[in-house]
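Please find below a colleague's note on the structure under discussion.

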Amino acid sequence: MANNIEIKELLDAGVHFGHLTRKWNPNMAPYIYMERNGIHVINLYKTAAKIEEAAEALKKIVASGKKVLFVATKKQAKDVVAEKATSVKMPYITERWPGGMLTNFVTIRKAVKKMSSIDKMKKDGTFDTLSKREKLHVERLREKLEKNLGSIADMSRLPGALFVVDTLREHIAVREAQRLNIPIFAMVDTNSDPREVDFAIPANDDASKSIDKVLSYITEAVNEGLANRTATAEKETNE
């Protein structure tokens, strides 16, 4: 993993582009290389080192059997995150963050189970006995639940870690994870505070190309963690 991170690839993806200098967070100073035309430029060597550090930690978390919840509700990140998280069979939130998603997980699980019970109604014929109006109500409820929670349907317990794109936008998710001591991994732009997360990856979090590039390294690490988990399980079975 460590040798796979190419600075040129990060550069080509625009990972180095920060925000306007007047919008910066001074705590990002260690990760800023220079200022150009009123915009901060991120030090990609530090980005690469932070990706490696985050990747190693995530690999261990996944290998232990825990899930990583990916969070990104901004337009530029939604599709990329949904695709990358799905590719490694990890849960994700790309619509509005449901308040209490982590701190009130029991209630969220009830909503997910409601979705399952509606599906069961359709299979066993109960749905067909409803009036036209009731059917419409149930269908709308199912659609709403699917849109907001469908991507976490298989998450039966709290995640082992959060991966966030844009900590300013996802501040509610960050706060909930902090309260529960869930490790937070995040792409942190020059306008954010890296101290709020456990593993900060200094990177442009506004361009889909940059998000895609960083996440490709992260999901590669998750995949390695899954492979290690499978290998360990097989070894235990054979012993």
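This is a predicted model: local features need pLDDT of at least 70, side-chain atom pairs count only at pLDDT 80 or more; totals for chains, interfaces and linings use all residues.

1. Five strands form an open sheet with parallel pairing, arranged in the order β5-β4-β6-β7-β8. The edges are held by β5 (92-93) and β8 (199-202); each has a single partner strand, so one side of each is left without a neighbour in the sheet.

2. The pairing at β5. Strand β4 (residues 68-71) runs parallel to β5 and is joined to β5 by two bridges. Within this pair, Phe 70 stands opposite Tyr 92 of β5.

3. The helix across the sheet. Residues 44-63 make up helix α2, which lies across β4, β6 (161-165), β7 (184-188) and β8. Relative to β8, helix α2 runs at about 145°.

4. The domains. According to the domain assignment, domain 1 comprises 7-102 + 158-237 and domain 2 comprises 105-151. Their centres, taken over C-alpha atoms, are separated by 32 Å.

5. The interface. Contact between the domains involves nine residues of domain 1 and six residues of domain 2. Together the two domains bury about 740 Å², of which 60% is on carbon and sulfur atoms. Tyr 92, Glu 95 and Met 101 supply 50% of the area that domain 1 buries against domain 2, more than any other three residues. Tyr 92 is also the residue of β5 that stands opposite Phe 70.

Technical notes. Residues are numbered from 1 along each chain as its sequence is written. Side-chain values use heavy atoms; hydrogens and water are left out. Two strands pair if DSSP finds at least two bridges between them. Helices (H or I, at least four residues) and strands (E, at least two) are DSSP runs, numbered from the N terminus. Contact means heavy atoms within 4.5 Å. Axes are lines fitted to C-alpha atoms, for helices over the stretch in contact, and angles run from 0 to 180 degrees between N-to-C directions. Domain bounds come from an automatic or database domain assignment. Buried area is the accessible area (1.4 Å probe) that two parts lose on being put together, summed over both.
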